[in-house]
Amino acid sequence: MVAQAKPKMDINKLTGGEKAAIMLLALGEEHGAQLWEMFDDDEIRELSMAMSNLGTVDAELVEKLLLEFVSGMSSTGALVGTFDSTERLLSRFLPDERVSLVMDEIRGPAGRTMWDKLGNVNEVVLANYLKNEYPQTVAVVLSKIRADHAANVLGALPEDFSMEVVNRMLRMESVQKDILDKVEQTLRQEFMSNLARTNRRDSHETMAEIFNNFDRQTENRFMTSLEERNRDAAERIKALMFTFEDLAKLDPGSVQTLLRAVEKDKLALGLKGSSDTLRDLFLSNMTERAAKMLREDMDMMGPVRLKDVDEAQMMMVNIAKDLANKGEIMMADGNSEDELIY
């Protein structure tokens, strides 16, 4: 008779992989699916291996594990994941060279795989790199990315070279995995790393974006503190920020486009806490009847909470940014005669 394995009981003897496997089993298919989608193949293999070797796990151990997880999360307090904090964390247990490679790739184009990332690289930039590679290598790369992007890259390559690549692609049979792995490794080390370093953002731009997402009180608290410690940095961040008051830079057509995109109750709430200048700008771009109704709505609101006004104004700013990104509104830079399109 085969002896039945004893249920696992000691949380201190579990490895990190075993703990993760138990958590995922406890979450089940419905709640764990999104987590599984975020793992790469190596992580899925590691978790699957740990899961398949777990055997029976006592309910008491599952409860202890969940409590340990929740306790760890709650004691940590609010978490802010940034490139810098991630880099610092990785540096504690990975060699510097490997950390640099990982972070450079993260800073690069979006995409889970190398081929997804290449699909988000500008075709001219990619063509400029590939034109110095062997045509066979280029044929392999273009066969792995989206057809529409491959077509654009081919169009950006020198004509003779691109025809050679086309011929290679026509004659190409299935590519062995070790060759694909080697091409992928070369792209990661030589192309993506350099691209990421080239595209690395200025730290003040990053901070300005973070400040844009603060509520007004938090923004004032941090900005005041920063001004005391580093006035130059504070001024640079201010110049890069896009605030509610910056909506005053919109031209009349852009104001009218924004008015059509914002819900009326949010508009009234946002303008309730705005400057007279900005309020007049919006009202002057409405019909007389609509402006009269908006004024009445604001009067009927009575006192409103600053938090609600901040939220409404932030929502208007975000809508304005979305419209600007789509090219539907334009914004004039107050410090320059040039106009910026967001």
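Guide: Let's start with M38, which counts as exposed because its relative accessibility is 60%; exposed means over 50% relative accessible area, buried under 20%, and partly exposed in between, with a 1.4 Å probe and protein chains only. This is a predicted model, in which local features need pLDDT of at least 70 and side-chain atom pairs 80 or more, while totals for chains, interfaces and linings use all residues. Residues are numbered from 1 along each chain as its sequence is written, and side-chain values use heavy atoms, without hydrogens or water.

M38 belongs to helix 1, residues 16–38 (helices are DSSP runs, H or I, of at least four residues, numbered from the N terminus). Now move to helix 14, residues 231–240, where A233, A234 and I237 are buried. These three sit on the same side of helix 14, because they span an arc of only 100° around its axis, taken from the directions to the C-beta atoms. D232 and A239 are exposed on the face turned away from that buried side. The buried residues of helix 14 pack against helix 12 (203–212) and helix 13 (216–229).

Further along, look at L294. Setting aside neighbours within four places in sequence, L294 is in contact with K264, L267, A268, L271, L283 and M286, where contact means heavy atoms within 4.5 Å.

Methods: Helix = DSSP H or I, 4+ residues; strand = E, 2+ residues; numbered from the N terminus.
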